[in-house]
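Visitor: I have a few "how do you know" questions about this model. Could you walk me through them?

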Amino acid sequence: MSELVPALKNTLFSSTHGVVGEYVELGIDALLESEALKGIPVVNTIAAICKTGYNLHERNLIKQTLTFISEFNSGSIPQEKLDEHRKKLDADPKEAEKELSRVLIILGNQIDEIQSKVLGSFYASYVKGAISWKKFCELTEANRRMFISDYALLFEAAIKGGLKIRGRELYQVDRLISLGLLQNQNRLGGNVLMEITDNPDKQNDVIVTSLGMTFYHNAPSTLKMYI
């Protein structure tokens, strides 16, 4: 991990992100067969650490990391903010370790690239000052525990200002409530399923919490378009 942190920092805040974007589109096999690999510090470091070839874990980490980097460098961060944060991390190795090791651990345990894309957008929001480090950690924990189908439900609720529960998958609604992203404004206690069963005629609307709206506003704009 100690080798990967500076490699990720050097990749995030350098011109290599342009190459990264290209290979996210081409796929992991094209990357591993290309000389461009040597120009991407974090991928090159993962390759050096791996002694017996690329196993599934290394391949997945590379894929998730490239997706994260591509979204982070999608153009939403002013250059002065990038430079400022790079200087901050250069001057404080402990801070760099705290931030980037957390990111790498999360990336190494994710399977779906969409979650790494969202993580990259959240880290970009943190670097440009739109959210605090504490809020970044809250959002990334919620993102880590979400199912892919949850994004559509959360974003629909954010756009519409809330949703009717009836006809929805209740386990999915309850999951988003447990993550602090949605809340049932009619519920005083218990879970959603019990309330609907006990009160079949009661209107059960879910609304988006402040954390849920922060999640929505800082998620990738491209994701909101196609979910």
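Visitor: Why are helix H9 and helix H13 called roughly perpendicular to each other?

Guide: The axes of H9 (residues 133-145) and H13 (residues 210-218) cross at roughly 85° and come within 11 Å. Angles of 65 to 115 degrees count as roughly perpendicular, under 35 as roughly parallel, over 145 as roughly antiparallel and the rest as oblique, so H9 and H13 are roughly perpendicular. The axes are lines fitted to C-alpha atoms over the stretch in contact, with angles from 0 to 180 degrees between N-to-C directions. The helices are DSSP runs (H or I, at least four residues), numbered from the N terminus.

Visitor: Which residues make the contact between H9 and H13?

Guide: With contact meaning heavy atoms within 4.5 Å, H9 brings Lys 135, Glu 138, Leu 139, Ala 142 and Asn 143, while H13 brings Leu 211, Thr 214 and Phe 215. By class, that contact has four nonpolar, two polar and two charged residues. This is a predicted model, where local features need pLDDT of at least 70 and side-chain atom pairs count only at pLDDT 80 or more, while totals for chains, interfaces and linings use all residues. Residues are numbered from 1 along each chain as its sequence is written, and side-chain values use heavy atoms, leaving out hydrogens and water.

Visitor: What makes Glu 99 and Lys 88 a salt bridge?

Guide: Their N to O distance is 3.8 Å, and a salt bridge is a side-chain nitrogen of Lys or Arg within 4 Å of a carboxyl oxygen of Asp or Glu, so the pair qualifies. Glu 99 lies in helix H7 (residues 93-108) and Lys 88 in helix H6 (residues 79-91), 11 residues apart.

Visitor: How do you know whether Glu 99 is buried or exposed?

Guide: Buried means under 20% relative accessible area, exposed over 50% and partly exposed in between (1.4 Å probe, protein chains only). Glu 99 has 0%, so Glu 99 is buried, whereas Lys 88, at 36%, counts as partly exposed.

Visitor: Which residues are linked with these two in a network of salt bridges?

Guide: Lys 88, Glu 95, Lys 98 and Glu 99 are linked. Lys 98 and Glu 95 have their closest N and O atoms 3.3 Å apart, and both lie in H7, three residues apart, about one turn of the helix. Lys 98 counts as partly exposed at 38%, and Glu 95 as buried at 15%.

Visitor: How many salt bridges does the structure hold?

Guide: The structure holds 10. Among them is Asp 150 with Arg 175, at 2.7 Å, N to O. Asp 150 lies in helix H10 (residues 148-160) and Arg 175 in helix H11 (residues 170-178), so this pair ties together parts 25 residues apart in sequence. Both Asp 150 and Arg 175 are buried.

Notes
Helix = DSSP H or I, 4+ residues; strand = E, 2+ residues; numbered from the N terminus. Nonpolar A, V, L, I, M, F, W, Y, C, P; charged D, E, K, R; others polar.
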